[in-house]
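Open the model in your viewer and keep the selection tool ready. We will go stop by stop.

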Amino acid sequence: VKVIARAFRLQTMLENGTYGCLDEIGKAEQIAPSFVSRVIRLALLAPDIVEAIIAGKQPAHLTLRDLMGPFPVERDVQSLQFGIGDG
């Protein structure tokens with residue numbers, strides 16, 4: 001849940017102009033820009049997936065490692081990959 005919240009917070013800082021790029025966010029947050037880019041991608045998760053994770057209703061097999069790996073931007077394909085939602 002914490003990393004999902006962080007993803008949306010980082011995305012907001014980028015969108016509202018608080019920071020101009022991932023490197024700036026990384027410096028401000030004292031984390032590597034590559035980690036920033038992997039975390040911020042989680043803001044692209046389908047809303048039903050985010051809701052399931054926040055509610056603790058994700059499949060037991062789903063881990064942070066799964067989420068941090070590559071995933072498609074298409075929401076229905078995400079649902080199939082992670083086993084959440086309508087897919």
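**Stop 1: Confidence**

Start by colouring this predicted model by pLDDT. Among the elements of the protein, helix α1 has the highest mean pLDDT, 96. Helix α6 (residues 75-82) has the lowest, 92. The protein as a whole averages 93, and 98% of the residues score at least 70.

**Stop 2: Helix α3**

Select residues 33-40, which form helix α3. Which residues are buried here? They are Val 36, Val 39 and Ile 40. Now look down the axis of α3: the buried residues fall within an arc of 90°, so they line one face of the helix. An α-helix has 3.6 residues a turn, so residues three or four places apart point the same way. Next, show what covers the buried residues of α3: the cover includes α1 (2-15), α2 (22-29) and α5 (64-68).

**Stop 3: The largest nonpolar core**

This core has 24 residues. Select Leu 10, Leu 42, Leu 45, Ile 49, Leu 67 and Phe 82, which touch the most other members. Helices α1, α3, α4 (47-54) and α5 each supply at least two residues of the core. The largest share, five residues, comes from α1.

Stay on Leu 45. Beyond its neighbours within four places in sequence, Leu 45 is in contact with Ile 4, Val 50, Leu 67, Phe 71, Gln 78 and Phe 82.

**Stop 4: Gln 78**

Move on to Gln 78, in helix α6. Is Gln 78 buried or exposed? Gln 78 counts as buried because its relative accessibility is 0%. Leaving out residues up to four places away in sequence, its contacts include Leu 44, Ala 46, Ile 49, Pro 72 and Gly 83.

Definitions and conventions
Residues are numbered from 1 along each chain as its sequence is written. This is a predicted model: local features need pLDDT of at least 70, side-chain atom pairs count only at pLDDT 80 or more; totals for chains, interfaces and linings use all residues. Side-chain values use heavy atoms; hydrogens and water are left out. Buried means under 20% relative accessible area, exposed over 50%, partly exposed in between (1.4 Å probe, protein chains only). Helices (H or I, at least four residues) and strands (E, at least two) are DSSP runs, numbered from the N terminus. The arc is that of the directions from the helix axis to the C-beta atoms. Contact means heavy atoms within 4.5 Å. pLDDT is the predictor's confidence in each residue, from 0 to 100. A nonpolar core is a set of buried Ala, Val, Leu, Ile, Met, Phe, Trp, Tyr and Cys residues joined through side-chain atoms within 4.5 Å.
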